[in-house]
Amino acid sequence: MELQQKMAMILERLGYSDWEVHWTPDTKMLDCGRRGEIMKDDKLMLIYDLTEERAHGTFCHELGELALYPMLRPLYRIIDLQRKALEDLAYRAKEHYLDEALPNLLAVLSELKAEK
Ligand SMILES: [Zn+2]
């Protein structure tokens, strides 16, 4: 049986029957250090290795990624929410500085200068 077919069968047996796997050897992707990837929105797994043996190894790696995703997703979400919260804090601090703190500072400085 061809590797591509075998991989599709394994995906199906593991409960990913709505997923597709494509073995598309791609030296450009390999040069960038990518042996494979999963596109969650399209439910598509791509394997870029040139040889069957390497492609099989990458397939196993990507299967691991699929299995880990439900566990990692909440962590990614937390990190993203924290990033947004910090971004919001920084934004508000900057706005406060520009609208209030900076004008106050300039006013005090010019008062001091006038007193000399
Ligand atoms: Zn990986």
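What you see is a predicted model, where local features need pLDDT of at least 70, side-chain atom pairs count only at pLDDT 80 or more, and totals for chains, interfaces and linings use all residues. Residues are numbered from 1 along each chain as its sequence is written.

Let's begin with the layout. The protein has three helices and three strands, taken as DSSP runs numbered from the N terminus (helices H or I, at least four residues; strands E, at least two). Along the sequence they follow the pattern α-β-α-β-β-α. The radius of gyration is 27 Å, well over the 13 Å of the globule rule for 116 residues, so the protein is more spread out than a compact globule. Here the radius is taken over C-alpha atoms, and the rule is 2.2 Å times the number of residues to the power 0.38. Along the principal axes, the C-alpha atoms fill a box of roughly 90 × 30 × 20 Å.

Now to α3, residues 52-115. Its end C-alpha atoms span only 83 Å, while a straight helix of 64 residues would span 94 Å, counting 1.5 Å times one less than its number of residues. There is a bend of about 55° at Tyr 69, and Pro 70 follows within four residues; the bend is the angle between axes fitted to the seven residues ending there and the seven starting there.

And how many residues of α3 are buried? The number is four of 64, so α3 lies largely in the open. They are Ala 55, Thr 58, Phe 59 and Glu 62, buried meaning that 20 or more other C-beta atoms, placed from the backbone, lie within 10 Å of a residue's own. Thanks, everyone!

Terms used: Buried ≥ 20, exposed ≤ 12 C-beta atoms within 10 Å, placed from the backbone.
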